[in-house]
2 protein chains.
Amino acid sequence: MKKNITGTGRRSHCAISMALDTVGDKWSLLILRDLMFTGKRSYGELQSSDEKIATNILATRLVTLEENNIIYKQPDAADSRRYLYYLTEKGIDLLPVVIELMHWMSKYNPGASACTANTTAYKKDRVLLYKEITKQLRKLHLQQG
Amino acid sequence: MKKNITGTGRRSHCAISMALDTVGDKWSLLILRDLMFTGKRSYGELQSSDEKIATNILATRLVTLEENNIIYKQPDAADSRRYLYYLTEKGIDLLPVVIELMHWMSKYNPGASACTANTTAYKKDRVLLYKEITKQLRKLHLQQG
DNA sequence: TAATTTTACTTGCATATTGCAAGTGCAAAA
DNA sequence: TTTTGCACTTGCAATATGCAAGTAAAATTA
């Protein structure tokens, strides 16, 4: 997702296109998934996912996500070597995208495992489900620094 | 999105990961956007979008999307050189993902143009909005052949 | 009917992104 | 004070994407 004629780094002004320029790569949404649904916060934890992201790719994605204000990092008080990564509000706002993707795949491939299943709650009132998880994520990720 | 150790072509069994293996590339969701929100149906029309997808990439994406049952093609009755591309129900079911991505970018970058705006309807009852657009898409895309 | 144009691709090669393995630097633990 | 663990970096190989030109076949035009 780099250069183009206008030098803006975006392919067009279409919102979907711009969203994909930001998080439409192979890894970004998986990193967000881990921050959302697993307790993972550190570099090493994020690297330990099933998908085995290469260490250099993880590093560049974290930088890009931070540049785009989707995540932020804080020094770990318990270990000054490491940072802990958190979602910003902008990052938390991607929750519906992640859940909809998850639900879509689960519907058409029952073998897929859903991190935060709860198909029942989704079917009953998915907006309520978004709100509840969003509330939890805000507690876990915002106002830390 | 190709090989891995198991040879299944997927990175893990996680639903999000699998969804991204299918439509998480730079172009697939843009093609779906055009099928959903513009009247574009033919190869040439799909190629004429602002983002200027390369012709070889468009060709391979259409094949992949068809292999994954997200779109299907029908010969154009009016011009036997061309096919017209339509969404399957599985493809239509990606509507929430596309709308959520669009809404997310619009929220954080007001300069982004939303294909099917209607922020009001989204804020009032987005599930209803999904349903209405889904109904329209079913009429336009399903039961053609 | 023959020549031209339109349409949907394919092909070859350049560039960009991702993947892998090994290495580095620093702080914590032993 | 050595060793280990963690968070990256670096170099290079493998894929994926981007660009420009080419091809085949049906439609249009002359």
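Visitor: Which residues touch the most other members of the largest nonpolar core?

Guide: This is a predicted model, in which local features need pLDDT of at least 70 and side-chain atom pairs count only at pLDDT 80 or more, while totals for chains, interfaces and linings use all residues. Residues are numbered from 1 along each chain as its sequence is written, and chains are lettered from A in the order in which they are written. The largest nonpolar core has 68 residues, and A:I16, A:A19, A:V98, B:I16, B:A19 and B:V98 touch the most other members.

Visitor: What makes a set of residues a nonpolar core?

Guide: The set must consist of buried Ala, Val, Leu, Ile, Met, Phe, Trp, Tyr and Cys residues joined through C-beta atoms within 7 Å, where buried means that 20 or more other C-beta atoms lie within 10 Å of the residue's own, with C-beta atoms placed from the backbone.

Visitor: Why are helix 6 and helix 7 of chain B called oblique to each other?

Guide: The axes of helix 6 (residues 95-108) and helix 7 (residues 119-141) of chain B come within 10 Å and cross at roughly 135°. Angles under 35 degrees count as roughly parallel, over 145 as roughly antiparallel, 65 to 115 as roughly perpendicular and the rest as oblique; helix 6 and helix 7 of chain B are therefore oblique.

Visitor: Which helix of chain B gives the largest share of the side that touches chain A?

Guide: The contact takes 39 residues from chain B and 39 residues from chain A, and on the side of chain B the largest share, 11 residues, comes from helix 6. That side of chain B has 21 nonpolar, eight polar and 10 charged residues.

Notes
Axes fitted to C-alpha atoms, helices over the stretch in contact; angles between N-to-C directions. Helix = DSSP H or I, 4+ residues; strand = E, 2+ residues; numbered from the N terminus. Buried ≥ 20, exposed ≤ 12 C-beta atoms within 10 Å, placed from the backbone. Contact = placed C-beta atoms within 7 Å. Nonpolar A, V, L, I, M, F, W, Y, C, P; charged D, E, K, R; others polar.
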